[in-house]
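Me: I have a model open and want to go through its packing. Can we take it in short questions?

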Amino acid sequence: SKKHLTLEIFIKIYKKNGYLSVEIENNGKKLDEDVSVLTKKGTGLSNIKERLTSLYGKNCNLNIYNKPSTVITLVSFPIQLSVSEIAQNH
């Protein structure tokens, strides 16, 4: 957006209840449409949604929403342990 000449981006990555969540917050242009509409319009978001679904089925989440002064993108998916981590836990 030409109105947002300075873009601030904050990224949080955290583990909660066996899921890894990546939250991206920015002060850019507000969304005019729901994420379900946005994922059908462009290639980028639809590719991300398709990849998450093919890897994790219904056990993943892609959500984009407005807050009062920012836009949040939240992606979460199950944490998959490596073979060495599984062996250590048994």
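Me: Which residues make up the largest nonpolar core?
Reply: This is a predicted model. Its largest nonpolar core has six residues. Two or more of them come from each of α2 and β4. The six are L52, Y56, C60, L62, V75 and F77.

Me: Leaving aside neighbours within four places in sequence, which residues is L52 in contact with?
Reply: L52 belongs to the largest nonpolar core. Its contacts include the core members C60, L62, V75 and F77.

Me: Why are the buried residues of α2 on the same side?
Reply: In α2, S46, L52 and Y56 are buried. They sit on the same side of α2 because the arc they cover around the axis is only 130 degrees.

Me: Which residues are exposed on the other side of α2?
Reply: Buried here means under 20% relative accessible area, exposed over 50%. S46, L52 and Y56 fall in the buried class. On the other side of α2, the exposed ones are T43, E50, R51, S54 and L55.

Me: What covers the buried residues of α2?
Reply: Those buried residues are S46, L52 and Y56. Their cover includes α1 (35-41), β3 (61-66) and β4 (71-78).

Me: How many Å apart in space are P78 and G18, C-alpha to C-alpha?
Reply: P78 lies in strand β4. Beyond four places in sequence, P78 touches G18, Y19, Y56 and N59. P78 and G18 are 60 residues apart in sequence. In space, their C-alpha distance is 5.9 Å.

Notes
Residues are numbered from 1 along each chain as its sequence is written. This is a predicted model: local features need pLDDT of at least 70, side-chain atom pairs count only at pLDDT 80 or more; totals for chains, interfaces and linings use all residues. Side-chain values use heavy atoms; hydrogens and water are left out. Buried means under 20% relative accessible area, exposed over 50%, partly exposed in between (1.4 Å probe, protein chains only). Helices (H or I, at least four residues) and strands (E, at least two) are DSSP runs, numbered from the N terminus. The arc is that of the directions from the helix axis to the C-beta atoms. Contact means heavy atoms within 4.5 Å. A nonpolar core is a set of buried Ala, Val, Leu, Ile, Met, Phe, Trp, Tyr and Cys residues joined through side-chain atoms within 4.5 Å.
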